[in-house]
Amino acid sequence: MCLFCKIAAGEIPSTKVYEDDTILAFRDIAPQAPTHILVIPKAHIPSVDGVNPENSALVAHIFETIPAIAKAENLVNGYRVISNCGPDAGQTVPHLHFHILGGKELSIQMA
Ligand code: AMP
Ligand code: ZN
């Protein structure tokens with residue numbers, strides 16, 4: 001099982017901020033901003049490259065939930081959603097995840 005599958009299964013502890021039957025959001029262990037949350041499908045999808053018609057409803061559900069998480073975190077001034085896909089993007093955990101970053105004015109550097 002991959003690291004985030006173990007977190008989803010409760011085998012590795014995490015600071016959860018949202019959970020339902022199919023997705024989980026928890027605080028990043030090495031925050032890059034005052035608020036840094038990861039949102040994952042509980043099912044293992046390796047990355048954005050693994051999104052397909054059979055599992056894309058999970059991605060839609062994640063994006064439908066992100067605004068509520070941002071609201072609960074009081075990110076009233078905005079936030080950023082990032083997914084790193086593959087080595088060139090610096091993906092370090094091979095389980096699809098979306099970073100929510102906020103709580104400060106973020107750098108606009110894209111690459
Ligand atoms: P990425 O580099 O896009 O694959 O993002 C992986 C993220 O997972 C990094 O921001 C890490 O800080 C974070 N991370 C790694 N292990 C844990 C953990 N046990 N709990 C929470 N976040 C983690
Ligand atoms: Zn996994």
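Author: Start with two rings. Phe4 and Phe26 are both buried. Bear in mind that this is a predicted model.

Reader: What makes the pair of Phe4 and Phe26 edge-to-face?

Author: Check the distance, then the angle. Ring centres must lie within 6.5 Å to pair, and planes over 60 degrees apart count as edge-to-face. The centres of Phe4 and Phe26 are 5.4 Å apart and the planes stand at 80°, so the pair is edge-to-face. Phe4 sits in helix 1 and Phe26 in strand 2, 22 residues apart, so this pair links distant parts of the chain.

Reader: How many aromatic pairs does a search of the whole structure find?

Author: Two. The other one is Phe63 with Phe98.

Reader: Why is the pair of Phe63 and Phe98 called edge-to-face?

Author: Use the cut-offs again. The ring centres are 5.0 Å apart and the planes are at 80°, so this pair is edge-to-face. It also links distant parts of the chain: Phe63 is in helix 2, Phe98 in strand 5, 35 residues apart.

Reader: What about Val59: buried or exposed?

Author: Val59 lies in helix 2. Its relative accessible area is 15%, so Val59 is buried. Val59 touches Val51, Leu96 and Phe98, leaving aside residues up to four places away in sequence.

Reader: Now the metal. Which residues coordinate the zinc ion (ligand 2)?

Author: Cys2 and Cys5 coordinate through SG, His44 and His95 through ND1, at 2.0 to 2.3 Å. Donors must be within 2.8 Å of the metal, so these atoms qualify. Along the sequence, the donor residues follow the spacing C-x2-C-x38-H-x50-H. Cys5 in helix 1 and His44, in the loop between strand 3 and helix 2, are 39 residues apart and link distant parts of the chain.

Reader: Why is the arrangement around the zinc ion (ligand 2) called tetrahedral?

Author: Look at the angles. Four donors count as tetrahedral if all angles lie between 85 and 135 degrees. Here the four donor atoms subtend 103 to 121°, so the arrangement is tetrahedral.

Reader: Last one. What makes strand 1 and strand 2 a pair?

Author: Count bridges. Two strands pair if there are at least two bridges between them. Three bridges join strand 1 to strand 2, and the strands run antiparallel. Tyr18 stands opposite Ala25 in strand 2. A hairpin connects strand 1 to strand 2 through three residues.

Definitions and conventions:
Residues numbered from 1 in each chain as written. Chains lettered and ligands numbered in written order. Predicted model: local features only at pLDDT ≥ 70, side-chain atom pairs only at ≥ 80, totals over all residues. Heavy atoms only, no water. Donors = N, O, S within 2.8 Å, 3.2 Å for Na, K, Ca; no water. Tetrahedral: all angles 85-135°; square planar, octahedral: opposite > 155°, others 65-115°. Helix = DSSP H or I, 4+ residues; strand = E, 2+ residues; numbered from the N terminus. Phe/Tyr/Trp six-rings, centres within 6.5 Å; stacked < 30°, edge-to-face > 60°. Buried < 20%, exposed > 50% of the residue type's maximum accessible area, 1.4 Å probe, protein only. Contact = heavy atoms within 4.5 Å.
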